[in-house]
Amino acid sequence: MKKILQNPVVAAVLAIIAIGSALLDYYLPAMGDDLAFWHFLGLEDYTAPDRRTISFILAHIFGCNGRLFDYMGPVVINLLPRAMAAALMGGMAALFFFSIWWAVDVPQRRHTAFSVVLLTFVLAIMPWWDGMFLRVCQFNYLWGTAFCILFIAIFFAKPSGRDSRAALWGVALLGVFAGAAHEQTGVAMSATFICWALAGRRYRTLTLRRKVMLAALFAGTFLTVAAPAIWHRAAQDSVHPPIVQLLVTTLPLYLILMSVTAVCMCTRRSRAFIIGLASTSWCIYVSAGFIAGIIAVLSGIPGRTGMFTEACAAVALARMCMAVRCHIGKIPAALITIVCIALITAHFTVSVRYQSRMYGEAEAVKREYIASSDGIVFYDFTSRCDVPLLTLNRVKGVADADDLWLLQVMRDAYKPGGNIPVVLPESMAGFASHLTDSVSDGRNTVYTFRPDNVVMTQDGLPLQYYPGPAPRFVTQTTLADGRDVWIATPRVRDPGDYELPVISIK
């Protein structure tokens, strides 16, 4: 805390990140797992926890996973007032950026420009496109990564004297958080520190603080991997994207780190530079990131599974840059700082503006859907693909027709047993009165029969391939008068989407 107070510019940037992230969360519509947890906890009809909370936690451990924040997060966050929950989410987002800045160990009162560039860079490269700003993704990946990076930084921090009992309890709690946040981070961290402790028999000279931290880390990891649901999920077959695509979309920063390290090993002087870094905690970030990266690749899920590895790579690369000791003048440094702060401010300003608009659209569609008799809503909404680049694709609103999971959860929460929501342009309102074989507005088409060329992808999405710029998503629904219709809407490839192979043609 003392270090951050001595650098008011960095403190101001972190405050902007905290406020901006809190506002984004405040205007984030409930969707996907966030909405499913809200519905499961019964928050539409009570405001205090009861036995349903215990059931939720047990069901999660035995049916989903053992990640601490994945089952405790919804209980805590969803029971808080909306503004307070948003403030907590914003604070945790700022903690993530603070943890990386602190781990890099930028000298006090110096290199302010470097610190601001680092925070701007991390904001730009973290995989937000993969739904990271949904609360459930923050619980699983952003929170866990923040605690893991903090764990490493505190573990190797120089002791300032004898630790108090409160301090030992604090680092113990941090160790449990780091180990139990996610099986990927817990296993990667535990394996790395076991190897570190065994190398040179360091376990013989561990301080009390380090012993407490490692014991807590191992306990937290056990808490996660002991969940029956983890092993059940690991045994399930899953479809993996091509390995090259998975690496490039999930671990690009770590690939850069490995490439730079390999190049440095080619000359004696650069090799000595790497060996010097490896004698510090730098090797812990590289090693933990490597193990977590292997788990991410084996999981076959692009984007968010690389969060911890990418954060470790960012710390390692930043430390390499710091070790080069390249200094610039005060005026260029001031200009760089101003530009970066302007970019961060512009990002959150534009993002909050669009997120508030898209929240209003999602709420309007929800009201119309609940009031509809057939689940069809006529509304012109903002697509994620139509927002400015400055948003970094962190904003979310009305789900597209091919976001089948989001639409199914919306149905289960608001119209159990009803039709899946279908959102059509307002220009198509009233089509049912003159529907014969089909009605189209040029992009969307409603058929009274199953259209031709409908194929099923391996993730179960029915797509219609036709002569045109892109395939269309096809869904079947029933009108209020009992007629079954097929609706084909444009297939929207959101940032981070990847096509899965077709397994059947019907």
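1. Arg 483 is partly exposed, with a relative accessible area of 29%. Buried here stands for under 20% relative accessible area and exposed for over 50%, with partly exposed in between (1.4 Å probe, protein chains only). Arg 483 forms a salt bridge with Asp 481, and their closest N and O atoms are 2.9 Å apart. A salt bridge, in this note, is a side-chain nitrogen of Lys or Arg within 4 Å of a carboxyl oxygen of Asp or Glu.

2. A word on the basis of these points. This is a predicted model, in which local features need pLDDT of at least 70 and side-chain atom pairs count only at pLDDT 80 or more, while totals for chains, interfaces and linings use all residues. Residues are numbered from 1 along each chain as its sequence is written, and side-chain values use heavy atoms, with hydrogens and water left out.

3. The structure holds six salt bridges. One of them joins Arg 67 to Glu 183, with the closest N and O atoms 2.7 Å apart. That pair links distant parts of the chain: Arg 67 sits in the loop between helix H4 (51-63) and helix H5 (68-79), Glu 183 sits in helix H10, and 116 residues separate them. Both partners, Arg 67 and Glu 183, are buried. Helices are DSSP runs (H or I, at least four residues), as are strands (E, at least two), numbered from the N terminus.

4. Another salt bridge pairs Glu 363 with Lys 366, at 3.3 Å between the closest N and O atoms. These two are three residues apart in helix H18 (residues 330-371), so about one helical turn separates them.

5. Now to the nonpolar core, meaning a set of buried Ala, Val, Leu, Ile, Met, Phe, Trp, Tyr and Cys residues joined through side-chain atoms within 4.5 Å. The largest one has 98 residues, and those touching the most other members are Phe 96, Phe 97, Phe 151, Met 189, Phe 193, Leu 257 and Phe 308. Helix H8 (residues 135-155) gives the most to this core, with 16 residues. A second, separate core has 11 residues, including Ile 376, Val 422, Leu 424 and Val 485.

6. Do have a look at Leu 257. Leaving out residues up to four places away in sequence, its contacts include Trp 282, Val 286 and Met 320. Contact means heavy atoms within 4.5 Å.

7. There are 20 aromatic pairs. Rings of Phe, Tyr and Trp (its six-membered ring) pair if their centres lie within 6.5 Å; planes under 30 degrees apart count as stacked, over 60 as edge-to-face and the rest as tilted. Phe 155 and Trp 196 are edge-to-face, at 5.3 Å centre to centre and 80 degrees between the planes. Phe 155 lies in helix H8 and Trp 196 in helix H10 (residues 183-198), so the pair ties together parts 41 residues apart in sequence. Phe 155 is buried at 0% relative accessible area, and Trp 196 is buried at 11%.

8. Phe 156 and Phe 193 are stacked, because their ring centres are 6.2 Å apart and their planes are at 25 degrees. Phe 156 is partly exposed at 23%, whereas Phe 193 is buried at 0%.

9. Finally, the cysteines. The count of disulfides, taken as pairs of cysteine sulfur atoms within 2.5 Å, is zero. The sulfur of Cys 64 has its closest cysteine sulfur in Cys 137, 12 Å away, too far for a bond. Cys 64 is partly exposed, at 25% relative accessibility.
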